Amino acid sequence: MSKTKQKQPLFDLCGGHPALDFVNSLNNRFREGGPVELLVDYADLLRFTEQTKLLDTRQVRRLANSVNPGAAARTLRSARELREAMAAAFYGSVDGHPPLAADIRTLERHFHSASAHRELRWEQPAENSNGRSGIGWDWGRFETNAELPVWILSQAASQLMMSGGMDRIRACGVETCRWLFLDTSKNHTRRWCNMRVCGNRMKARRFHARREE
């Protein structure tokens, strides 16, 4: 596979959690004219995981230079499948409608796959530090596998879904947007994914509506 394309970042990470930002990578999913896919190819998936700091630059560069086109295409399909099952679960939580059993099984399969590809290793403390040695999880020999971004995203989704953070997930108040975000506001009253975009747009709409009354 060729090196990662040189692009300006396309991802607006306003969700407050990588799993939510990942669902938001299908933009305008509720728009009548159809959504906009931001994960066009495997390079976009790598760029997303780097921008969200799920993978570091070294890991991204290694994958970009070693993954063949066939594996890249399969992984992109897998990532999109995971994303839509995540969307079903998160929007189900927000709207009070349980996801389909098929979506739960898809999540289960991805979560199991991520766990199955981790390895335990003995971690030495950094030099000149007061840390202790210990055992930790690592990707080990799987670090160069094309599916690594999908496994890491599966882990992020699993951790969020099985935490109290699910109660703080909201959808943007603009119906054609409905991007997901983690509401960390003091009174839990945040309404927009991005105040500069959707918030200002709705304020302008209300302003013009009042003037026309």
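Predicted model: local features only at pLDDT ≥ 70, side-chain atom pairs only at ≥ 80, totals over all residues.
Biologist: What share of the 213 residues in the protein is buried?

Modeller: A residue counts as buried under 20% relative accessible area. Of the 213 residues in the protein, the buried ones make up 44%.

Biologist: Among contacts with a separation of 6 or more, what percentage comes from residues 24 or more positions apart?

Modeller: The contacts considered are those in the protein with a separation of 6 or more.

Biologist: What part of the accessible surface belongs to carbon and sulfur atoms?

Modeller: The accessible surface of the protein comes to about 12,300 Å². The part that belongs to carbon and sulfur atoms is 50%.

Biologist: How far apart are the end C-alpha atoms of helix α5, and what span should its 16 residues have?

Modeller: Helix α5 covers residues 101-116. At 1.5 Å a residue, its 16 residues should span 22 Å. The distance between its end C-alpha atoms agrees with that, at 22 Å.

Biologist: Where around the axis of α5 do its buried residues lie, and over what arc?

Modeller: The buried residues of α5 are D103, T106, L107, H110, F111 and A114. They are on the same side of α5, because around the axis they cover an arc of only 130°.

Biologist: Which residues are exposed on the other side of α5, and which helices are among the cover of the buried residues?

Modeller: Cover for the buried residues of α5 includes α4 (69-95) and α6 (148-161). On the other side of α5, the exposed residues are A101, A102, H112 and A116.

Biologist: How does I104 count by accessibility, and what separates its C-alpha atom from that of A89?

Modeller: I104 is placed in helix α5. Its relative accessibility is 34%, between the cut-offs of 20% and 50%, so I104 counts as partly exposed. Although I104 and A89 are 15 residues apart along the chain, their C-alpha atoms are separated by 7.8 Å.

Biologist: Is N194 buried or exposed, and which side chain does its own side chain contact?

Modeller: N194 lies in the loop between β6 (180-182) and α7 (195-212). Its relative accessibility of 8% is under the 20% cut-off, so N194 counts as buried. At 3.0 Å, the side chain of N194 makes a polar contact with the side chain of D12.

Terms used. Residues numbered from 1 in each chain as written. Heavy atoms only, no water. Helix = DSSP H or I, 4+ residues; strand = E, 2+ residues; numbered from the N terminus. Expected span 1.5 Å × (residues − 1). Buried < 20%, exposed > 50% of the residue type's maximum accessible area, 1.4 Å probe, protein only. Arc of directions from axis to C-beta. Contact = heavy atoms within 4.5 Å. Polar contact = N/O pair within 3.5 Å; in protein donor to acceptor, adjacent residues only side chain to side chain. Areas by Shrake-Rupley, 256 points an atom, 1.4 Å probe, with all protein chains shown as cover.
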